[in-house]
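Dear colleague,

Please find the structure below, handed over for your use. A written account of what was found in the structure follows.

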Protein chains: 2
Amino acid sequence: MNVTIYDVAREANVSMATVSRVVNGNPNVKPVTRKKVLDVINQLGYRPNAVARGLASKRTTTVGVIIPDISNVFYAELARGIEDIATMYKYNIILSSSDENEDKELQVLNTLLGKQVDGIIYMGEKITDQLQEEFDRSPAPVVLAGAVDLENKLASVNIDYLEATKSAVKRFADNGRKRIAFVSGSLEEPVNRELKLEGYKQALKEAGLSFDESLIVESDYNYDAGVKAWQELSKLAQKPDAVIASEDELAIGILNAALDEGVNVPEELEVMTSNNTKLTLMSRPQLSTIVQPLYDIGAVAMRLLTKLMTNEEVDERTVILPHSEKLRGSTKQ
Amino acid sequence: MNVTIYDVAREANVSMATVSRVVNGNPNVKPVTRKKVLDVINQLGYRPNAVARGLASKRTTTVGVIIPDISNVFYAELARGIEDIATMYKYNIILSSSDENEDKELQVLNTLLGKQVDGIIYMGEKITDQLQEEFDRSPAPVVLAGAVDLENKLASVNIDYLEATKSAVKRFADNGRKRIAFVSGSLEEPVNRELKLEGYKQALKEAGLSFDESLIVESDYNYDAGVKAWQELSKLAQKPDAVIASEDELAIGILNAALDEGVNVPEELEVMTSNNTKLTLMSRPQLSTIVQPLYDIGAVAMRLLTKLMTNEEVDERTVILPHSEKLRGSTKQ
DNA sequence: TTGAAAGCGCTAACAA
DNA sequence: TTGTTAGCGCTTTCAA
């Protein structure tokens, strides 16, 4: 049998309540008593049972993190920021993969709430109506990290995806590019359709370039999808002379596929990506990119969540972090 | 107030025990009763409280995962295997970063045990004596994933690192390479010193090549460390004509640094890495590599842990998965 | 500054 | 097949 608070109390000749106070750093304990209790705790090797504590106090100091794919570096870097700040505030993280699958997301959310997490961090692009409903009735506060809620009902931390994309595309236009391709994830996802694609369109318009549907590719967030995307683009009668990709693995797939075809980068083709994960340094040429402060997005999201969980005053539930651009070999400076 | 099992019982005119039976799929319930209870559950939106359940049953269906760095693709791919199998067996995962820091590892382990996890998966290379002690007295079973315990006290899943390294180095020798460099993480870590380096030495010996200390570089598991490692190696009077690196980011750093110096790969320099993460496809040329079944290592480790947690018979606590080699552009075939 | 005691929501004998 | 009841280990009033 494990040693419990009761064992400590008996051994130290105090009540459970006093032991509890000592363990929880309650100041209302005489120093002598505290020392006595602490000694017994060490001697017995007592370790508080967080489950019992959770049941009694209704706080588990655990937050649920819903992540589409942990092996995607974008999400992994967000997760690092989340984890660090969680640790700083003494929370633990239950990490659950959603695989971008709606049913699994709902199910995962339910399990998390059943485990009485104090809060939820959601990464992932699409928030279905049903998910939104569940979030609404969730007893635990929810924060989106690196994701947007166009209806602004949920707390979230991200960057201005429209402006970021627009500015990247504008740069291409300023460099004299005429056939700028846009490769993103599913356009059913609001962030892609309403923000990134919209930014792309606005930039084209302002540069006096016409919109060409065939330069828009709905792809997926992995390397192979990038290779396929390029194969599709290079079949065009008028090939693109620039590509903006919404994710780094995808971008490297595009870049490498083009290089393997003998395309000269950045002379004939400029490539820009969107996340500035460490992958952008690993390609040759290295990838120019929109800079999202990934670690910070995760960290700020978690910090925001801690405030929500402890009912602290929060002045802004939608945090837009600054973005920038980093130019490397895949674009002309 | 949340709806509890008691509310359901009252509303359905049965006892708590019956509700509990229905929720837990206990067959000893009359179908009519079951339906009645299920209806009330739906109607009230009852969701079992896993914390209370954990306290009463002494099982939390949660496992702790200690990971050095979630943003390292090697660990992330292991984690995916772990998570998938955990989900399959209805376990959740508390993910905790250790940052390869001994104190943090101990502290994280303690927190995890306080949360009454049913089991622990540990990734990370070095198991200090103190950590080993804690594992020994842990009430929850422990499995190492992608890590070795040379003393064979802990359950673990990995590959034969000695043979894998030996065979890769032998290949270099067979290709006529004479100056084969070995770049790994800290040689204080048993897996590097006793297995990988040992395999390297054995291969050299069998090939009749002499061991040269200056070709051994203790590095770190990231891109910049790889760049530095190459800078060191290229300063040698007699430069290496092949490199075996123990981690993929590291390998890409080496590869790119060499390429940037104008070294011809694979003609002048062959590079081989060890993990076959998806990163190996992203470099140009693509990296030849030892193939570790990363996802499987994670998956098998988790599966093994489920057995340990439910006291199932386990015939082999040390699982050595098969490895192979994948040759790509960074080596001559 | 301390203690007594009533839960927290559930499981698991045990009895019926 | 169902119900009763005693915990699980802790927090949290409330009273002293």
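**Surfaces that face the DNA**

By class, the surface near DNA strand D is made up of 13 nonpolar, 10 polar and four charged residues. Here a residue is near a strand if one of its heavy atoms lies within 4 Å of it. For the classes, Ala, Val, Leu, Ile, Met, Phe, Trp, Tyr, Cys and Pro count as nonpolar, Asp, Glu, Lys and Arg as charged, and the others, Gly among them, as polar.

Please note that this is a predicted model, in which local features need pLDDT of at least 70 and side-chain atom pairs count only at pLDDT 80 or more, while totals for chains, interfaces and linings use all residues. Residues are numbered from 1 along each chain as its sequence is written, chains are lettered from A and ligands numbered from 1 in the order in which they are written, and side-chain values use heavy atoms, with hydrogens and water left out.

Of the 27 residues around DNA strand D, those that come nearest are Ile5(A), Ser20(A), Tyr46(A), Arg21(B) and Thr33(B). Sugar or phosphate accounts for 62% of the atoms of DNA strand D within 4 Å of the protein, and bases for the rest.

- Ser15(B) places a backbone N or O atom 2.8 Å from a phosphate oxygen of DNA strand D.
- Arg21(B) has a side-chain N or O atom 2.5 Å from a base oxygen of DNA strand D.
- Lys58(B) has a polar side-chain atom 3.0 Å from a sugar or linking oxygen of DNA strand D.

The elements that give two or more residues to this surface are helices H2 (16-23) and H4 (50-57) of chain A and helices H2 (16-23) and H4 (50-57) of chain B. Helices (H or I, at least four residues) and strands (E, at least two) are DSSP runs, numbered from the N terminus. H4(A) provides the largest share of the surface near DNA strand D, with four residues.

DNA strand C is surrounded by 27 residues, the closest being Arg21(A), Thr33(A), Ile5(B), Ser20(B) and Tyr46(B). Of its atoms within 4 Å of the protein, 65% belong to sugar or phosphate and the rest to bases. Ala52(B) has a backbone N or O atom 3.3 Å from a base nitrogen of DNA strand C. H2 and H4 of chain A, together with H2 and H4 of chain B, each give two or more residues to the surface near DNA strand C. H4(B) gives the most, with four residues.

**The interface of the two chains**

In chain A, 50 residues are in contact (heavy atoms within 4.5 Å) with 50 residues of chain B. The area buried between the chains is about 4,400 Å², of which carbon and sulfur atoms give 55%. Buried area is the accessible area (1.4 Å probe) that two parts lose on being put together, summed over both. Arg47(A), Met282(A) and Arg284(A) supply 16% of the area that chain A buries against chain B, more than any other three residues.

Four salt bridges are found across this interface, a salt bridge being a side-chain nitrogen of Lys or Arg within 4 Å of a carboxyl oxygen of Asp or Glu. Arg284(A) forms a salt bridge with Asp260(B), in which the closest N and O atoms are 2.8 Å apart.

**Domains of chain A**

The domain assignment of chain A, which is automatic or from a database, gives domain 1 (5-48), domain 2 (60-159 + 294-323) and domain 3 (161-291). The centres of domain 2 and domain 3, taken over C-alpha atoms, are 28 Å apart. Between these two domains, 15 residues of domain 2 are in contact with 19 residues of domain 3. One salt bridge is counted between domain 2 and domain 3. Lys126(A) forms a salt bridge with Glu188(A), with 3.8 Å between the closest N and O atoms.

Note on methods. A polar contact is a pair of N or O atoms within 3.5 Å; within protein, one must be able to donate a hydrogen and the other to accept it, and residues adjacent in sequence count only if both atoms are side-chain atoms.
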